Amino acid sequence: MKKQQCPVCGEQTNCGLEENKLKDCWCFHIGDVPQTLLDLIPQENRGKSCVCERCIRKYKK
C-alpha cells in the first residue's frame, strides 16, 4: 500500500488508521484543524486526504 501524502506539503501523513490499521490516530487528539489550512487542500483532494501533523501544528500557530 502506498503511504498517504499530505495534500499541502507532500510529506507522509503517518496516518495510524492507514499504516497500522489501528482504531486510533494522532489526528483524533490534535483538536480542530484551522480553516486556513483546509482551504489549501486542492479541491479534488478535499474530504479524501489527511493533512500531516506538521502542517496542522504550523497553521495553529
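Me: In this predicted model, what is the distance between the closest N and O atoms of the salt bridge that Glu-53 forms with Arg-57?
Reply: Side chains of opposite charge can pair when their charged atoms come close. Glu-53 and Arg-57 are four residues apart in helix H3, so about one helical turn separates them. Glu-53 is partly exposed at 30% relative accessibility, and Arg-57 is partly exposed at 47%. The closest N and O atoms of this salt bridge lie at a distance of 2.8 Å.

Me: How many disulfides does the structure hold?
Reply: A disulfide requires two cysteine sulfur atoms within 2.5 Å. For Cys-55, the closest cysteine sulfur belongs to Cys-52 and is 3.6 Å away, which is too far for a bond. The number of disulfides in the structure is zero. Cys-6 is likewise in no disulfide, as the nearest cysteine sulfur is 3.9 Å away, in Cys-9.

Me: Is Cys-55 buried or exposed?
Reply: A residue counts as buried when its relative accessible area is under 20%. The value for Cys-55 is 5%, so this residue counts as buried.

Me: How many residues make up the largest nonpolar core?
Reply: In soluble globular proteins, nonpolar side chains tend to be buried together. Among the members of this core are Cys-6, Ile-30 and Ile-56. Cys-6 is buried, with 4% relative accessibility. In all, the residues of the largest nonpolar core number eight.

Key:
Residues are numbered from 1 along each chain as its sequence is written. This is a predicted model: local features need pLDDT of at least 70, side-chain atom pairs count only at pLDDT 80 or more; totals for chains, interfaces and linings use all residues. Side-chain values use heavy atoms; hydrogens and water are left out. A nonpolar core is a set of buried Ala, Val, Leu, Ile, Met, Phe, Trp, Tyr and Cys residues joined through side-chain atoms within 4.5 Å. Buried means under 20% relative accessible area, exposed over 50%, partly exposed in between (1.4 Å probe, protein chains only). A salt bridge is a side-chain nitrogen of Lys or Arg within 4 Å of a carboxyl oxygen of Asp or Glu. Helices (H or I, at least four residues) and strands (E, at least two) are DSSP runs, numbered from the N terminus.
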